[in-house]
Structure formats: C-alpha cells, structure tokens
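Please read it beside the sequence and the coordinates.

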Amino acid sequence: MSHRPPSGLAAVSAALLAMSRHLEMRDVLKTIVASARELLDAEYAALGVPDDHGGFAQFVVDGVSDEQWKAIGPLPRQHGILAAMLHEAKPERLADVRKDPRFEGWPAAHPDMSDFLGLPIRDGDDIIGALFLANKRCPKPEGTCGFTAEDEELLGILAQHAAIALTNARLYERSRELTIAEERSRLAHELHDAVSQKLFSLRLTAQAAAALVDRDPARAKGELQQVAALAAEAVDELRAAVVELRPAGLDEDGLVATLRTQIQVLDRAHTARVTFASAAARALPAAQEEALLRVSQEALHNALRHSGAGHVDVTLSRRDGSTVLRISDDGHGFDPAATRRAGRHLGLVSMRDRADGVGGKLTVESAPGKGTTIEMEVPGG
C-alpha cells in the first residue's frame, strides 16, 4: 500500500479507534459505516448483517436521511450485488452498478447510485456482513469507477477491523444474554420459593380459620381476611412468573401468533381486560419482529403494573406500506413533556432505541387522567 499523507493515516487511526470503542452492536455498525464513508469520501455507505432466512438481521446506512430511509421501505433481501458479496465472498468494484447483469433495481425512493465498491466482512471462513460504498466524490471519466484499487485495499483493512469489532459486539451481546438467562433462572428459584411460602402460609391460616369459625367467629373472620391477602400475593408472584419467564416463540410462531398467545396469558393473569387484533400483517425481518415484540412487552408491563388501567388494547396493522404496533390503555396517564425521569422509569428510552435500531419510529401520547397510547411504526409488512 502506498504511503498516505499524515492526515490520511490519522483518519484511518481514528476510524479504527472508534470501532473498538463500542460494544453495542448497533453502535458498532453505525461507526463502521460512517468511518468507511468518510475515509473513502463517498456519498453513501451501508453495511448489512445477514440472517438465516434470505434477509438481513441488521442493515445500517449512512448518507441517507431518515425521511428517505422510511420512504425506501422494507430492508433489502439478499439478492443482486449484495448476494454476490455474501455468497461469492469477493470484492466488487464497478464503474456503474446499474449496468451489472446482477443488478435488480431499487425501490422508487432509493437514491441513484453509479460507481460502487463493496466487499464481504469475514470472520474466518464465515461471512458476517457486507460493506459497500457508492458514488465516490471525485471526477469520473466516462465508463470508469471513481473508487481505486487503493480504496479497495483500504476498505479491506477497515473490513478486517470491522470483523473484530462485530465479533466483539456479538460476544458482548451473548454474554449479556447469558447474564439475563442466569438472572431468569435465579428469579425462577426465588419465585418458586416465594410462592411455596405463600401457599404454605395460606394453608395454615385457612386451617386456623376453620378451627376458629365456631368458637370465635370474629378471629376466624380476621384469619379469612389474611387468607385473601395471602392468596392475592401468591397470584401476583405467579403473574410475575408467567410474564417474566415464559419464552417467546417468535422464531417458531411468528410475531402475530406470539403476540396473541402472550396477550391471552396476560388477559387471564390480570384483572384488566387485555385485547389483541391484527390486520394480517405480513412477516417482517427477524430484527424488526423482535423489536416490535420487545416494545409491546415493555408497554404492556407499564400499562398493567403502573397505569391502573381497566382495559389495554393492542393492535398490529398496516398503514402506508408500514407495520404499526399500537398499545392503548385507559389508565391514569402522565405528562409526556415532563417525563425525562419518568421516561427512564417507564422504559421509554429503551423502546425508542429499539425502534430506531430497526429503522422505525416510536410515538407516545398521554395526559394525566387520559390514558396512554404507544405506537411503533416500522417500514414494510
């Protein structure tokens, strides 16, 4: 590789340091894409992490506005040049991607792209991503590619470090999942012990009430009131077990069936009426379905535990080419303008992060005494 001026070396160093600074997968992806685009002076950059179903679990772009991204629609599938990078596992440098025989077109709102540089991101023999740039900012004689062999070599170096950063992020997420699994196991033991103790106390108190009912009705009445209180506590513990420990069947059953099942369980477990309706939304990429499920769980938890609602309604529908999840309750509501503290307490920050992470949008409507509506919209479906 030829020597670069100090400013170029500084830029490479800054990009590599930035990639190693993050552990959250989404932050790592954004940093890689922004670094690649800036380093090679391109109009557009993107990185896709493939799933096992012909789509992308994550797809991050740089150089496209939020409005454009929303208008483009669903995440791309593994086809055309993207598929070539993933399956043929070799770099692609093209003067005009539109003239390549593998080109299959873009959605109407997609920005126009011509010269193209892309390559796979490898972890050993595995392809864990595809990184590509388009529209080099430089004069381009007719029929030539603005991206040079030196650009390709530089992007290759960046991709090697991107593979390390992505692998570290995956390990971090895996360790976090294991921590959550351990915490759930601990919680299950605690719930089992707590419920067993409550039921044992309930049994003893009921026996005491039965013994007192004839000779001391007043004391028997007090014991029966204690039975009712213990029963209510045991029910609360069981509700927690159902909500917190029941595994989601998203991979096997899909989003609609998983939501319906979970909401049926919640409806049985809580005094509030919980309903669900779906307008037969089509399947979405796995990352979007998981984000919608997690947001629904967080919103339902808030509505059932904190809002005092008597009715919670969940709907999944299509609107203008998007899928819309809506959770409405008739609880006591809150003031969204004064919720910096409450927002973290209610999980609104994490819900917004989940929506942003899959190219979606989260809106919250609430007012004291007027209930709350949380809506998440993602492209496609």
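Arg26, Ala57, Gln58, Phe59, Leu75, Ala287, Gly357, Val358 and Gly359 line the largest cavity, where a cavity is a set of points on a 1 Å grid over the protein atoms alone at which a 1.4 Å probe fits but cannot get out, and a lining residue has an atom within 4 Å of a point. The model is predicted, so that local features need pLDDT of at least 70 and side-chain atom pairs count only at pLDDT 80 or more, while totals for chains, interfaces and linings use all residues. Residues are numbered from 1 along each chain as its sequence is written, and side-chain values use heavy atoms, with hydrogens and water left out.

**Cavity**
- The volume of the largest cavity is about 40 Å³, a volume being the space filled by probe spheres set on grid points that are joined across faces, edges and corners.
- A search of the whole structure finds 1 cavity of 30 Å³ or more.
- Strand S2 gives the most to the lining of the largest cavity, with 3 residues; strands (E, at least two residues) and helices (H or I, at least four) are DSSP runs numbered from the N terminus.
- The lining of the largest cavity has 5 nonpolar, 3 polar and 1 charged residues, where Ala, Val, Leu, Ile, Met, Phe, Trp, Tyr, Cys and Pro count as nonpolar, Asp, Glu, Lys and Arg as charged, and the others, Gly among them, as polar.

**Second largest pocket**
- The second largest pocket holds about 510 Å³ of space, a pocket being an open set of points with protein on both sides within 12 Å along at least five of seven lines.
- Of the 31 residues lining the second largest pocket, Pro76, Leu82, Trp106, His110 and Phe132 lie nearest its centre.
- Elements giving two or more residues to this lining are strands S1 (42-50), S2 (56-62) and S5 (126-136), together with helices H3 (66-72) and H4 (80-87).
- By class, the lining of the second largest pocket comprises 23 nonpolar, 5 polar and 3 charged residues.

**Sheet with strands S1 to S5**
- An open sheet of 5 strands runs in the order S2-S1-S5-S4-S3 with antiparallel pairing, two strands being paired if DSSP finds at least two bridges between them.
- The edge strands are S2 and S3 (92-94), each of which pairs on one side only.
- Strand S4 (residues 116-123) pairs with S5 over 8 bridges in the antiparallel sense, and leucine 119 stands opposite leucine 131 in S5.

**Sheet with strands S6 to S10**
- A mixed open sheet is formed by 5 strands in the order S6-S7-S8-S10-S9.
- Strands S6 (273-278) and S9 (361-366) stand at the edges with a single partner strand each, so one side of each is left without a neighbour in the sheet.
- Strands S8 and S10 (residues 372-379) run antiparallel and are joined by 8 bridges, and the bridge partner of aspartate 329 is threonine 372 in S10.
- Helix H10 (residues 348-357) lies across S9 and S10 at about 145° to S9, with axes fitted to C-alpha atoms, for helices over the stretch in contact, and angles from 0 to 180 degrees between N-to-C directions.

**Confidence**
- The protein chain has a mean pLDDT of 81, with 83% of its residues at 70 or more; pLDDT is the predictor's confidence in each residue, from 0 to 100.
- Among the elements of the protein chain, strand S8 (residues 322-329) has the highest mean pLDDT (94) and helix H9 (residues 340-345) the lowest (48).

Methods:
Contact = heavy atoms within 4.5 Å.
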